[in-house]
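Come along and check each entry against the picture.

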Amino acid sequence: MVLGLVALALVAAACAPNATQSTLEPKGPYAQQSYDLFVPVFWVAAVIFIIVEGLLVLFVFRYRHRKNQTRIPPQVHGNTRLEIAWTILPTLILAGVAVPTIATIWDLAAKPTGDVLEVNVLAHQWWWEFDYPDQRILTANELHIPTGRPVYVTLCAVGFGYGTPVPSQGGPPAPSACQGPPDSPPPAAIGAAVIHSFWVPELAGTQDVVPGQTNHLTIQADEPGVYEGQCKEFCGLSHAYMRFKVVAHTPEDFDRWVAEQQAPASSAVAGPAQAGQAIFLQTCVACHAVAGLETATGQPVLANGGPNLTHLMSRGCFRGCTLAVTDGNLRRWIADPRSVEAGSFMPDYGLSSEEIDQVVAFLNTLE
Ligand code: CUA
């Protein structure tokens, strides 16, 4: 009875109405390929498990020691036929499983050809940055992709303080840490980088993000929608807060999104937003960029360890995609980052309530 209840509780614990991060519901061809490998391997393993454990339990009960039993059964050591059989059989099974496994590994590791979207994904402590070199877009927390098109992701880990060049329209794309030539020394700040792992269960398997190395992964979504992702490798205090979303659009909607992201942020700010912009230029610019915004001395504002905020209001989430972009959340975050995220690298500038309102008013202009 107790065993049954425990088993039921364990099974029930796997149920959730909104469990979106399931590898068992692939939503694209690359996830489907992994799933198509998983299913036969699972059944092979399940059948072997049932046979082996079934025989084990049968023998344990059938030949157990009984009271008043004094006879010791004949002691047998070694049976050449059996030994050969149970050496060869698993070898054949494993060799059989290896054939589709290795084929799938090679398939998934190959760089897709044809109409491919390339995105550099930079893993920070504790948020994801998305750099589209061909589109010259730099964004964070939400990876926008078109449906029906392979997205070739290049993953690299960067340390706090690494500033991803904010793309400017017109000139050559500024290479990010993910694009340096293979033998070039990584920027100094990358030395403080740590390992992460990129995972969107519905779209692909996982891929580790390793400092000093670039790894690759291809994802693709069949249908428009939002696919939840998260860091899957312990990477420090706020590892659990390192989430992201993949937003898949129809190709037309994706082109629209690209055009919106390429447009400069609004320059006309007035009233409290103007006061907020002045505060932003004295404090937030230490880490955050807004394309087109210049400091008091006319220098462009660069992303230096924090997300590029140029089109912040076009995003649904911030803070490693754990908070919705709302005035209340932005206020809470600016007022006391450490209370929202343990170990946050975002400093508390000790702004007054009025100053925070002004900064939030300015952020609201970044559409
Ligand atoms: Cu990044 Cu865990």
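**Entry 1: a word to settle before I start.** I call a residue buried under 20% relative accessible area, exposed over 50%, and partly exposed in between. I also remind myself that this is a predicted model.

**Entry 2: Leu-55.** I looked for Leu-55 and found its place in helix α2. Is Leu-55 buried, exposed or partly exposed? Its relative accessibility is 43%, so I count Leu-55 as partly exposed.

**Entry 3: the patch around that residue.** Leu-55 belongs to a nonpolar patch on the surface. Its other members include Val-44, Ile-48, Phe-59, Tyr-63 and Ile-93. Together, the residues of the patch have about 980 Å² of accessible area. I then asked which elements give two or more residues to the patch. They are α2, residues 29-62, and α3, residues 80-109. The most comes from α2, which gives 8 residues.

**Entry 4: Glu-354.** Next I went to helix α8, residues 353-363, where Glu-354 has its place. I noted 56% relative accessibility for Glu-354, so this residue counts as exposed. I also looked up how Glu-354 lies relative to Arg-256: they are 98 residues apart along the chain, and their C-alpha atoms are separated by 36 Å.

**Entry 5: aromatic rings.** A pair of aromatic rings is described by the distance of the centres and the angle of the planes, so I wrote down both values each time. How many aromatic pairs are there? The count comes to 12.

I picked Tyr-132 and Trp-257, a tilted pair with 5.5 Å from centre to centre and 55° between the planes. This pair links distant parts of the chain, since its residues are 125 apart. Tyr-132 sits in strand β2, residues 127-132, while Trp-257 sits in helix α4, residues 251-262. I marked Tyr-132 and Trp-257 as buried.

Trp-257 also pairs with Phe-254, and I recorded this pair as stacked: 5.9 Å centre to centre, 25° between the planes. Why are these two about one helical turn apart? Because Phe-254 and Trp-257 are 3 residues apart in helix α4. Phe-254 is buried, and so is Trp-257.

**Entry 6: strand β6 and its partners.** I followed strand β6, residues 196-199, to strand β7, residues 206-209. The two run antiparallel and are joined by 4 bridges. A hairpin connects β6 to β7 through 6 residues.

I then turned to strand β9, residues 225-231, which is joined to β6 by 2 bridges, again with the strands running antiparallel. Here Trp-199 has Gln-230 in β9 as its bridge partner.

**Entry 7: Arg-149 in a loop.** My last stop was the loop between β4, residues 142-146, and β5, residues 151-157, which is the place of Arg-149. Is Arg-149 buried or exposed? With a relative accessible area of 19%, Arg-149 is buried. I also found a polar contact of 3.3 Å between the side chains of Arg-149 and Asp-115.

Key:
Residues numbered from 1 in each chain as written. Predicted model: local features only at pLDDT ≥ 70, side-chain atom pairs only at ≥ 80, totals over all residues. Heavy atoms only, no water. Patch = residues over 30% accessible without salt bridge, like charges linked within 9 Å, V, L, I, M, F, W, Y side chains within 5 Å. Areas by Shrake-Rupley, 256 points an atom, 1.4 Å probe, with all protein chains shown as cover. Salt bridge = Lys/Arg side-chain N within 4 Å of Asp/Glu carboxyl O. Buried < 20%, exposed > 50% of the residue type's maximum accessible area, 1.4 Å probe, protein only. Phe/Tyr/Trp six-rings, centres within 6.5 Å; stacked < 30°, edge-to-face > 60°. Pairing = 2+ DSSP bridges. Polar contact = N/O pair within 3.5 Å; in protein donor to acceptor, adjacent residues only side chain to side chain.
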